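Have the sequence and the 3D view ready.

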Amino acid sequence: GTDPEVGPRVTVANTGTEAVTPPPVEMRVGNLTLPPGNVGQLAPGGEATVEFRHRFATAGPQVVVARVSAGDDLPGDDQVERVVAVRKRLPVLLVDGNPAGPFFDRAASFTALALAPAATVAVGGGAGDAYLMEPKLMAAADLTGNTAFEPYPVVVLADVPRLPAPIADRLAAHVTGGGGLLVLAGPRCEPGFFNDWTGGDGRLLPAPLGPLATDITGVTPALATFDHPALALLADPKTSDLGSGQVAAWRRVEEDPEAARRVAARFTNGVPFLLARAYGQGRVAVATGGFDNRSGSLPARRSFVPLVHE
């Protein structure tokens, strides 16, 4: 997006048989050249990663080029190019399965405000020009056969019990074609529906959901298990306070070897906290507890906002 700085990373590898000290890595974004990054000496087979900082000023496709002027015998692998799709807005549809009562007692409210903390979001309005994320709240009961998922690159099902078959099929097709789906598996969601939910790439969820478990003292996310790329910014206890967030209710998960590979993070009791999988051209993620004040204190952590964004 055009709102924050990003940190593109470049990995330089020495595939030769002698130690080398390559020149600094150069990065160009469009017509702008960023300050170079030093690599240092690389042993045979060694790698080093250089991180840059850049804020995209305009939306649209941007060409990013990274290069090391190594002067070796294989110049073809000294440069890499990528086309990055920079967004001005990222519309997100949040379907609330517990839409009754005060705003902050609902299943999707804290997630919506984490995406765009604008007062207008709470009354069903847009977030305004200051935010990349454009959350749209909708009660699960308001989904119809005419609801369009295509305008929303990401759909969040916040404690939704189940979906009618025609709507479930259309949402599965949306994910297969490249959409993102985040399921917040709160106390109202029905595992039978989600475990049987299939589409063009088989079962949607990364693993079968089980019954609801509770602990009055709560369990906490184990930061040492945050090994998914989307959680890299939140794994350091020096900067992340998610490890102090209490979760009092969560869904058990049936783990087979395939499901275990899809676990992105766990609680301190070893139960999966977040799971993710590629689905067709899209992606599905599942949080085994809700992101609301009924399930625990995660929304009160400072790191809850970057958790939702990542």
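Predicted model: local features only at pLDDT ≥ 70, side-chain atom pairs only at ≥ 80, totals over all residues.

Residues are numbered from 1 along each chain as its sequence is written, and side-chain values use heavy atoms, leaving out hydrogens and water.

Helices (H or I, at least four residues) and strands (E, at least two) are DSSP runs, numbered from the N terminus. Two strands pair if DSSP finds at least two bridges between them. Eight strands form an open sheet here, in the order 8-7-9-10-18-17-16-14. The pairing is mixed. Strand 8 (133-139) and strand 14 (221-222) are the edges, and each pairs on one side only. Strand 7 (residues 90-96) runs parallel to strand 8, and seven bridges join the two. In one of these bridges, Leu-90 partners Met-133 of strand 8.

Now find helix 2 (residues 165-176). Helix 2 lies across strands 9, 10, 17 and 18.

Two loop residues come next. Thr-288 sits in the loop between strand 18 and helix 5 (304-309). Is Thr-288 buried or exposed? Thr-288 is buried because its relative accessible area is 0%, and buried means under 20% (1.4 Å probe, protein chains only). The side chain of Thr-288 reaches the backbone oxygen of Pro-272 at 2.8 Å.

Asp-159 lies in the loop between strand 9 and helix 2. Its phi is near 55°, a positive value in a residue other than glycine. Asp-159 is also buried, with a relative accessible area of 1%.

Note on methods. Contact = heavy atoms within 4.5 Å. Axes fitted to C-alpha atoms, helices over the stretch in contact; angles between N-to-C directions. Buried < 20%, exposed > 50% of the residue type's maximum accessible area, 1.4 Å probe, protein only. Polar contact = N/O pair within 3.5 Å; in protein donor to acceptor, adjacent residues only side chain to side chain.
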